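Visitor: Please walk me through this model, and spell out the cut-offs as you go.

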Amino acid sequence: MPTATVSLKGQLTLPKEIRVALGLRPGDRVNFVRMEDGNYAVLPATHSVQTLKGFLRRPGQKICFD
């Protein structure tokens, strides 16, 4: 079982095996989710490009702040 050690600053480095399995790269973020049994799951905090749909206005559309 892969393990990691918490530094004095509260930081930890995920073992390469875990980073590869989660598809993580430098700069990626992770979420720590508390499970019903009290344990935590580490999940990549990634979002699909689809979540950006509608985020930017279309050219020529006016924005109303009323």
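**Strands, helix and surface**

Visitor: Is F32 buried or exposed?
Guide: The relative accessible area of F32 is 53%. The classes are buried under 20%, exposed over 50% and partly exposed in between, with a 1.4 Å probe and protein chains only. F32 is therefore exposed.

Visitor: What is the mean pLDDT of the protein?
Guide: This is a predicted model, where local features need pLDDT of at least 70 and side-chain atom pairs count only at pLDDT 80 or more, while totals for chains, interfaces and linings use all residues. Residues are numbered from 1 along each chain as its sequence is written, and side-chain values use heavy atoms, leaving out hydrogens and water. pLDDT is the predictor's confidence in each residue, from 0 to 100. Here 71% of the residues reach 70 or more, and the mean pLDDT is 83.

Visitor: In what order do the elements of the protein run from the N terminus?
Guide: Helices (H or I, at least four residues) and strands (E, at least two) are DSSP runs, numbered from the N terminus. The protein has 1 helix and 2 strands. Their order is α-β-β.

Visitor: Which element has the highest mean pLDDT?
Guide: Strand β2, residues 40–44, has the lowest mean among the elements, at 89. The highest, 92, belongs to residues 16–22, which form helix α1.

Visitor: Which residue in β2 is the bridge partner of F32?
Guide: F32 lies in strand β1, residues 30–34. Strands pair if DSSP finds at least two bridges between them; here β1 and β2 run antiparallel and are joined by 5 bridges. V33 stands opposite A41, while the partner of F32 is V42.

Visitor: Which residue in the hairpin of β1 and β2 takes a positive phi?
Guide: The hairpin has 5 residues between its strands. The positive phi there is near 95°, and the residue that takes it is G38.

Visitor: Which residues is L22 in contact with, leaving aside its neighbours within four places in sequence?
Guide: L22 belongs to helix α1, and its 26% relative accessibility makes it partly exposed. Its C-alpha atom is 9.0 Å from that of V42, 20 residues apart along the chain. The contacts of L22 are V42 and P44.

Visitor: What percentage of the residues in the protein is buried?
Guide: The protein exposes about 6800 Å², of which carbon and sulfur atoms supply 55%. Of its 66 residues, the buried share is 2%.

Methods: Accessible areas come from the Shrake-Rupley method with a 1.4 Å probe; for residues, only the protein chains shown count as cover. Contact means heavy atoms within 4.5 Å.
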